[in-house]
Amino acid sequence: MKQLNKIIVALGTNIDQKKNALTAEAMMKTIFKDSYVSKHMWTKPVNMKSSEKFLNFIIFAKTQYGLTQLTKAFKQLEKKCGRTKYDESRGIIKIDIDILQYGDKIFHEEDWNRDYVKELMLEDPYKSEEETITREKQHTDEVKTEGLN
C-alpha cells in the first residue's frame, strides 16, 4: 500500500456561493473518501473586479494520490463546476481550488496569512499537538497585536 500524504485544500466561490460550495464539496468527497470539511466562512474579495463575497472552506484529508495527479484532477473539477477564463476576467469565480499543503510541501504561502485560513486551520484533525500550540499561540499573538493598531 502506498504511503498516505496529508493534504490541505482551500476552496472558495463568489457566485451562487452555497450551491457551488456544496457541489465542489461533494465532488471532493469522491476523491477523498476519508476527509474532514471545515465550516464555511464568508469573506470579502481581495484584489478582485467583483464585489461579491466569497464563501470559503478547507478540506483536510490523507491521500495516496500524487501531487501532479491531484493538481490535474482539481483543474478538471474547476472546469466541471463551470469555471472559465472569461468569468475570471470579470471577477466571477465559480470555484477556486488551491492546494495549501501536500505532505511536507507548503503552497500559496500568502494565503496562510489570511485570517479566514488561520481560523479554519484550527479545525485540522490531523495536526500534531505541537502544531496546535504553535498555531493557537501565533493566532493569539496576532489578535493582541491587531488590538494595538
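How many residues apart are E78 and K75 in helix α2 (residues 67-80)? They are three residues apart, so about one helical turn separates them. The model discussed here is predicted, with residues numbered from 1 along each chain as its sequence is written. Local features need pLDDT of at least 70, side-chain atom pairs count only at pLDDT 80 or more, and totals for chains, interfaces and linings use all residues, while side-chain values use heavy atoms, leaving out hydrogens and water. Helices (H or I, at least four residues) and strands (E, at least two) are DSSP runs numbered from the N terminus.

The side chains of E78 and K75 form a salt bridge at 3.4 Å, N to O, a term that stands for a side-chain nitrogen of Lys or Arg within 4 Å of a carboxyl oxygen of Asp or Glu. E78 is buried, at 4% relative accessible area, whereas K75 is partly exposed, at 44%; buried means under 20%, exposed over 50% and partly exposed in between (1.4 Å probe, protein chains only). R83 and E88 also pair, at 3.0 Å, N to O. Here R83 is the buried residue, at 16%, and E88 is partly exposed, at 30%. A network of salt bridges links K75, E78, R83, E88 and D96. The structure holds 10 salt bridges.

K75 also matters for describing D98, a residue of strand β5 (residues 96-102). D98 is buried yet has no salt bridge, and K75, the nearest side chain of opposite charge, is 5.4 Å away (Lys and Arg count as positive, Asp and Glu as negative; His and the chain ends are not counted). Leaving aside residues up to four places away in sequence, D98 touches I8, V9, A10, H108 and D111, with contact meaning heavy atoms within 4.5 Å.

H108, one of these contacts, lies in the loop between β6 (105-106) and α4 (115-121). Most residues other than glycine have a negative phi. H108, however, has a positive phi of about 50°, and it is partly exposed, at 32% relative accessible area. D16 likewise is not a glycine and has a positive phi, of about 45°; its place is in the loop between β1 (5-13) and α1 (17-31).

In helix α1, K29 and E25 lie four residues apart, about one turn of the helix, and their side chains meet in a salt bridge of 3.6 Å, N to O. K29 is partly exposed, at 41% relative accessibility, and E25 is buried, at 13%.
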